[in-house]
Amino acid sequence: MCQLVPGMVKSFLIVSYEMVMTLLFSLPRYRTLNTLKATFLKLCGASIGKRVVFYPGAWIAPGRNLVLGDDVDVALNVHIETSGGVNVGDRTLIGYGTKILSRNHRIPANREPIFGAGHSSKSVVIGKDVWLGANVIVLPGRTIGDGAVVGAGSVVTKDVEPYTVVAGNPAKLIRVRE
């Protein structure tokens, strides 16, 4: 019985976090409620800048290892997985439905079972004045440079140079910003 207690406590804490996250982040983006959302994330170990806007439906877990600069806009239904670390620079726009992933499942060798194979974590760094269009997916370990634009529906599998426009799956260079 004593061996079950730590697992039960961990499970309880995870489900409780998910419940609070769901309730809190379903609220509208009024300034006071954004302050409340930022405070919750700070209590979880995040660093949140000034005037960050969280639209309803944002999902940020586990919260620790997250740095959001000033004036970051987290749109409707954005998912940010922060286990490996996520750093987002000032004045960055994160479009509707975007997913920023710093952790992923491992694929085991020798046809071993996937379930229980564990995870790998790599930090994601997104520069200042970046625009991630709607439904972008940023994979673990990627860096997106200052001033970059990532087109809607793109999958970022490689680093994105500063002041470039990329799009597609996988995201490829479209042009350099003038």
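What span should the 13 residues of α2 have at 1.5 Å a residue, and how far apart are its end C-alpha atoms? The expected span, taken as 1.5 Å times one less than the number of residues, is 18 Å, and the end C-alpha atoms of α2 are 18 Å apart, which agrees. The structure is a predicted model, in which local features need pLDDT of at least 70 and side-chain atom pairs count only at pLDDT 80 or more, while totals for chains, interfaces and linings use all residues. Residues are numbered from 1 along each chain as its sequence is written, and side-chain values use heavy atoms, with hydrogens and water left out. Helices (H or I, at least four residues) and strands (E, at least two) are DSSP runs, numbered from the N terminus.

Of its 38 residues, Leu41, Phe54 and Ile144 touch the most other members. Two or more residues each come from α1 (4-24), α2 (31-43), β3 (59-61), β4, β7 and β12 (124-126). Beyond residues up to four places away in sequence, the contacts of Phe54 (heavy atoms within 4.5 Å) include Asn34, Lys37, Ala38 and Leu41, as well as Leu68.

Leu68 leads on to the sheet, where its bridge partner in β7 is Val88. Strands β4 (residues 66-68) and β7 (residues 86-88) run parallel and are joined by three bridges; pairing requires that DSSP finds at least two bridges between two strands. The open sheet has five strands in the order β1-β4-β7-β12-β15, with parallel pairing. Because β1 (47-48) and β15 (143-144) stand at the edges, each with a single partner strand, one side of each is left without a neighbour in the sheet.

Finally, Ser102 lies in the loop between β9 (99-101) and β10 (103-105) and counts as buried at 0% relative accessibility. Its side chain reaches the backbone nitrogen of Gly84 at 2.9 Å.

Conventions: A nonpolar core is a set of buried Ala, Val, Leu, Ile, Met, Phe, Trp, Tyr and Cys residues joined through side-chain atoms within 4.5 Å. Buried means under 20% relative accessible area, exposed over 50%, partly exposed in between (1.4 Å probe, protein chains only). A polar contact is a pair of N or O atoms within 3.5 Å; within protein, one must be able to donate a hydrogen and the other to accept it, and residues adjacent in sequence count only if both atoms are side-chain atoms.
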